[in-house]
Amino acid sequence: MNEMEKRRAFQRVKSMTNESFWKWMNWMHSRAYAKAEQHYQEAMNIVLQPKQAKAVIAKAQEIRETWDGMATVTIDETEAAEWLPRKPV
């Protein structure tokens, strides 16, 4: 992304309403989560036996959906996660 494209993207974000900004943020956050999940699945397919990888994927889905109640990943559900770095006050 060149400087002009970055500027245009920034201007687009500045023109958003509060509601559209958070909808966009949740969309971006979900895409990032899905990409990270893809990376882990690809790594498991290389390192683990298929049965082991399937078990890890099932457990990760259970943790996300049952333990954390996150059928869809959004900013609201992950911003309070203890593993996220906190900004100094």
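Me: Which residues does Met 44 touch, not counting residues up to four places away in sequence?
Reply: Met 44 touches Ala 53, Val 56 and Ile 57 on that count. A contact here means heavy atoms within 4.5 Å.

Me: Where is Met 44 placed?
Reply: Met 44 sits in helix α2. Helices are DSSP runs of H or I with at least four residues, strands are runs of E with at least two, and both are numbered from the N terminus.

Me: Is Met 44 buried or exposed?
Reply: Met 44 is buried, with a relative accessible area of 13%. Buried means under 20% relative accessible area, exposed means over 50%, and partly exposed is in between, using a 1.4 Å probe and protein chains only.

Me: How many residues apart in sequence are Met 44 and Lys 54, and what is their distance in space?
Reply: Met 44 and Lys 54 are ten residues apart in sequence, and their C-alpha atoms are 9.0 Å apart.

Me: Before I go on, what kind of model is this?
Reply: It is a predicted model, where local features need pLDDT of at least 70, side-chain atom pairs count only at pLDDT 80 or more, and totals for chains, interfaces and linings use all residues. Residues are numbered from 1 along each chain as its sequence is written, and side-chain values use heavy atoms, with hydrogens and water left out.

Me: What is the average pLDDT?
Reply: The protein averages 82, and 80% of the residues score at least 70. pLDDT is the predictor's confidence in each residue, from 0 to 100.

Me: Where is confidence lowest, and where is it highest?
Reply: Confidence is lowest in helix α4 (residues 75-78), at a mean of 63, and highest in helix α1 (residues 3-14), at 91. Where pLDDT is low, the predicted coordinates should not be read in detail.

Me: OK, overall layout. How many helices and strands are there?
Reply: There are four helices and zero strands. Along the sequence the pattern reads α-α-α-α.

Me: What share of the protein counts as buried?
Reply: Of the 89 residues, 12% count as buried. As for contacts with a separation of 6 or more, 41% are between residues 24 or more positions apart.

Me: Switching to helix α3. What span should it have, and what are its end C-alpha atoms doing?
Reply: Helix α3 (residues 50-67) has 18 residues and should span 26 Å at 1.5 Å a residue; its end C-alpha atoms are 25 Å apart, which agrees. The expected span is 1.5 Å times one less than the number of residues.

Me: And what comes just after α3?
Reply: Gly 69 is there, with a positive phi of about 65°.

Me: Now charges. How many salt bridges does a search of the whole structure find?
Reply: The search finds two. A salt bridge is a side-chain nitrogen of Lys or Arg within 4 Å of a carboxyl oxygen of Asp or Glu.

Me: Which residue does Glu 62 form a salt bridge with?
Reply: Glu 62 pairs with Lys 59, with the closest N and O atoms 3.0 Å apart. Both residues lie in helix α3, three residues apart, about one turn of the helix. Glu 62 counts as partly exposed because its relative accessibility is 32%, and so does Lys 59, at 40%.

Me: What about Arg 64?
Reply: The side chain of Arg 64 meets that of Glu 65 in a salt bridge, 3.6 Å from N to O. Arg 64 is buried, with a relative accessible area of 13%, whereas Glu 65 is partly exposed at 35%.

Me: Last topic. How many aromatic pairs does the structure hold?
Reply: It holds two. Phe 21 and Trp 22 form an edge-to-face pair, 5.0 Å centre to centre with 80° between the planes. Phe 21 and Trp 24 form a tilted pair, at 6.2 Å and 45°. Rings of Phe, Tyr and Trp (its six-membered ring) pair if their centres lie within 6.5 Å; planes under 30 degrees apart count as stacked, over 60 as edge-to-face and the rest as tilted.
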